[in-house]
Amino acid sequence: MIGPDVAGIAERLGAAADAATAIPQLAAETGLDVDAAYAVQAALLQRRLDAGQRLVGLKMGLTSKAKMAQVGVDEVIWGRLTDAMRVPDGGAVDPAAYIHPRVEPEVAFLLDRLPEPGEPVGDFASAVRAVAPAIELIDSRYADFRFSLPDVIADNTSAAAFVIGPWSPVPAGLDNLGVLLEVDGRVAQVGSTAAILGDPRRALDEGIRLAGRHGVRLQSGWVFLAGAATAAVPLRPGAHVRAVVEKLGTASLRASS
């Protein structure tokens, strides 16, 4: 039995991102399952590497019930981050470069050493150099921001850009810190780091395990986005967005008009 055309699907998704033009969902049409979807994601990454980008970390997706409900899927997933996706703290992005961009507040980790697959969360402090507030800009390449689980995995979990605020030492607890997402100085979303699998440190444990299934080991110096603490908010032209995480500080970006 012939499987899905991994290279062809990756090219369609990459071209959609390049042109900022939505495409229909692909999984039902192509017979894509979860394992094949991660193969597409890897091919999509290779397309970026061939264009001169570098892999700088991983991100988790659908780590909160709010996110699962918002997009209609129910399994934690992971994707890749490249250097071209990074926006300086306080920097600007052009909404016209995306299809239907949304922003969400996150917690980021800076890895200090290679965690072992299955390493317990209790060893977290020795694997993480620093922690920071972050914003992820997500942008599904599918029409109407609707997709199945294989669809979103193949699309690199809707990853588009990210901002990381100031790094700081890891505090004693990360499991119930207040989180705000502000747009133009007004609170757009309120949440807690408890929404990230109960504790963002669990997201790192899940990331190690899930990526390891596909032969990917996290590297020293990589950035790790633990997942969104609230539902995502559409990014409008001219907006100023700020994520505030208790004890960690803020991260921000501006959308050009």
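**View 1. Glutamine 53 reaches threonine 82 through a side-chain polar contact of 2.6 Å.** A polar contact here is a pair of N or O atoms within 3.5 Å; within protein, one must be able to donate a hydrogen and the other to accept it, and residues adjacent in sequence count only if both atoms are side-chain atoms. The side chain of glutamine 53 also meets that of arginine 48, in a polar contact of 3.0 Å. You will find glutamine 53 in the loop between H3 and strand E1 (55-61); helices (H or I, at least four residues) and strands (E, at least two) are DSSP runs, numbered from the N terminus. Setting aside neighbours within four places in sequence, glutamine 53 is in contact (heavy atoms within 4.5 Å) with Arg48, Thr82, Asp83 and Ala84. A word on what you are looking at: this is a predicted model, in which local features need pLDDT of at least 70 and side-chain atom pairs count only at pLDDT 80 or more, while totals for chains, interfaces and linings use all residues. Residues are numbered from 1 along each chain as its sequence is written, and side-chain values use heavy atoms, with hydrogens and water left out.

**View 2. Tyrosine 38 and tryptophan 78 form a stacked aromatic pair.** The structure holds four aromatic pairs. In this one the ring centres are 5.1 Å apart, with 15° between the planes. Rings of Phe, Tyr and Trp (its six-membered ring) pair if their centres lie within 6.5 Å; planes under 30 degrees apart count as stacked, over 60 as edge-to-face and the rest as tilted. The pair links distant parts of the chain, 40 residues apart: tyrosine 38 belongs to helix H3 (residues 34-50) and tryptophan 78 to strand E2 (residues 77-82). Tyrosine 38 counts as buried because its relative accessibility is 7%; buried means under 20% relative accessible area, exposed over 50%, partly exposed in between (1.4 Å probe, protein chains only). Tryptophan 78 is buried too, at 1%.

**View 3. Tyrosine 142 and phenylalanine 147 form a tilted aromatic pair.** Their centres are 6.3 Å apart, with 55° between the planes, and both residues are buried. Together with Phe145, they make up one aromatic cluster. Arginine 102 lies over the face of phenylalanine 145, at 3.9 Å from the ring centre; a charge sits over a ring if NZ of Lys or CZ of Arg is within 6 Å of the ring centre and within 35 degrees of the ring normal.

View 4. Beyond neighbours within four places in sequence, threonine 63 is in contact with Val76, Ala195, Ile196, Leu197, Ala226, Gly227 and Ala228.

**View 5. Proline 95 lies in the loop between strand E4 (92-93) and strand E5 (102-111).** With a relative accessible area of 11%, proline 95 is buried. Not counting residues up to four places away in sequence, proline 95 touches Pro101, Leu235, Arg236, Pro237, Ala255 and Ser256.

**View 6. Helix H7 (residues 200-213) has end C-alpha atoms 20 Å apart.** Among the buried residues of H7 are Pro200, Leu204, Ile208 and Ala211. Glycine 215, with a positive phi near 75°, follows H7.

Key
Expected span 1.5 Å × (residues − 1).
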